[in-house]
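Thanks, everyone. Please bring the model up on your screens, and we will walk through it together.

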Amino acid sequence: MNLKRRNFFKSAFSASAAAVLPLASCRAPAVESINAELEKILQKPVLKKQFFPSPVMIESLELLRYRDNFICRVRSTQGAEGISVSNNMQMLSLYPIFVNRLQPYFIGKDARELDRLIEEVYVYQSNYKLQSLALWVPLATIEFAVLDLLGRMAGKSIGELIGDIFNKKVAVYQANNFRGKSAEESIMLIQKNVEETKAKALKFKVGGRMSRNADSPPGRTEKLIPLVRKFFGDDMTIYADANGSYTADEAIRIGRMMELYKFDMYEEPVPFDWFEETKQVADALTVPVAGGEQESSLYHFRWLIGNRVLDIVQPDMFYFGGMIRSMRVALMAHHLGLPCVPHISGSGLGYLYMMHFVSAIPNAGPYHEFKGFNTAIPFECSTSTLTSENGVVTVPTGPGLGVEIEPGFIKKHKSVG
Ligand SMILES: [Mg+2]
């Protein structure tokens, strides 16, 4: 383990997290004993059931659609209601999995048992064979609606239901995707985005997504890495995302440039499921290597964390099947002193779910992904302006998701299936 890499973690998150960091000065414990420790975290319940003294039986769970927008509405037998907005980009293809493989399981169940229900529905109808975002996006949609329902009942935000509140505000990094454009044009477009949010950190794309070292266009990355630093100055925190562009050797070569220009995160240097190569790259470099947005398995994450493959974990609330599963990843990482910087998928209200999650993790990184606010879904929020004020967004304080979606908009939706 590279000591310089280790040092990053101290500055990346809170002192309380650093206090549990056992590895800086001593020999790493055997993987088996780390696995046993992480396994304990996997078995701990996440949802705070103590807020709900009596059963909350699910009477109905509906998937509603209006044009390309999908909403999940869940109701309890006592008349409580919860709403979620799905990841519409993925749900367009995946809604039959919601309707056929997940929805029937939840009717008549006690919502307080959400931890257990999520584990059981994974086995129900052999759903585990679908493990990937095909299963997890529809399940996350259900989980978010159930959490909204429970939060409204208890007068608690979603964050308060799954953890303690560590972050009432979330500092954002501006994510940019201008692959295919020249370095010079990319800089201008990145600047325009950063200007809008006043973010103190940014992320840009390097290489050519999953391309085995083909840049897009050729020569862009090597020009852009120094240019971004020069253009935005020493005070800007800079992250780069390769989306699995490289083989290990090339990833290390490009990573060395990032070190030279003091980058703070290198995301998916090699294809996401090349675990051995990811470790090779992370071990060779001092710039912290991040990954996990495509990861679908808790036990893959356990391995990636326990074997020090990733320096920063990035579960995606939707792609990974919701906040309870993502919280287990964050807590495993926290146990070994690693920060969590969740990935955010672009459509719907993904950023809201991500912010509630970040509010409740003890090892949040210094900046979190931001791809713009959704203005297509009409809602009101009385506890946050939901704008980036000098690069910082206030997390709504609830209850539930903390926003009221316009009832007229919900009414336009028709039941699916
Ligand atoms: Mg990424």
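Predicted model: local features only at pLDDT ≥ 70, side-chain atom pairs only at ≥ 80, totals over all residues.

Domains first. The chain is divided in two. Domain 1 takes in 3-42 and 161-398. Domain 2 takes in 49-155 and 407-415. Each domain is therefore listed as two stretches of chain. How far apart are the centres of domain 1 and domain 2? Over C-alpha atoms, 27 Å separate them.

Now look at where they touch. On the domain 1 side, 22 residues make contact, and they meet 21 residues of domain 2. Helices H13 (323-335) and H14 (350-359) each supply at least two residues of that domain 1 side. H13 gives the most, with three residues. What is the domain 1 side made of, by class? Eleven residues are nonpolar, ten are polar and one is charged.

Next, the sheet. Four strands form an open sheet, and the order is S3-S2-S1-S14. The pairing is antiparallel. Which strands stand at the edges? They are S3, residues 81-85, and S14, residues 414-415. Each has a single partner strand, so one side of each is left without a neighbour in the sheet.

S1 covers residues 58-66, and S2 covers residues 69-76. These two pair over eight bridges, in the antiparallel sense. For one example, find Leu64: its bridge partner in S2 is Ile71.

Now step from S2 to S3. Five bridges join this pair, again antiparallel. Here Arg75 stands opposite Glu81 in S3. S2 and S3 form a hairpin, with four residues between them. Look for Gly79 in that turn, where phi is positive, about 95 degrees. Is S3 mostly covered or mostly open? Mostly covered: four of its five residues are buried.

What lies on the sheet? Helix H4, residues 88-106, lies across S1 and S2. H4 runs at about 160 degrees to S1. Helix H6, residues 133-154, packs on the sheet too, and touches S1, S2 and S3. The direction of H6 makes about 140 degrees with that of S3.

Stay with the helices for a moment. H5 spans residues 114-123. Which of its residues are buried? Leu114, Leu117, Ile118 and Val121. Seen down the axis of H5, the buried residues fall within an arc of 100 degrees, so they line one face of the helix. They pack against H4, H6 and H13. After H5 comes Gln125, with a positive phi near 50 degrees.

Now to the segment after S14, where Val416 is found. Is Val416 buried or partly exposed? Partly exposed, because it has 16 C-beta neighbours inside 10 Å, and being buried takes 20 or more. Compare sequence and space here. Val416 and Arg65 are 351 residues apart in sequence, yet their C-alpha atoms are 6.4 Å apart. Leaving aside neighbours within four places in sequence, Val416 is in contact with Leu63, Leu64, Arg65, Tyr95 and Val99.

The last stop is strand S4, residues 169-175. Six of its seven residues are buried, so S4 is largely enclosed by the rest of the structure. Now take its pairings in turn. With S12, residues 392-394, S4 pairs in the antiparallel sense over three bridges. There, Val170 stands opposite Val393. With S10, residues 368-370, S4 runs parallel, and three bridges join them. With S5, residues 201-205, S4 is also parallel, joined by three bridges. What stands opposite Tyr173 in S10 and in S5? In S10 it is Glu369, and in S5 it is Ala201.

That is the tour. Over to you for questions.

Note on methods: Residues numbered from 1 in each chain as written. Pairing = 2+ DSSP bridges. Contact = placed C-beta atoms within 7 Å. Axes fitted to C-alpha atoms, helices over the stretch in contact; angles between N-to-C directions. Buried ≥ 20, exposed ≤ 12 C-beta atoms within 10 Å, placed from the backbone. Arc of directions from axis to C-beta. Nonpolar A, V, L, I, M, F, W, Y, C, P; charged D, E, K, R; others polar.
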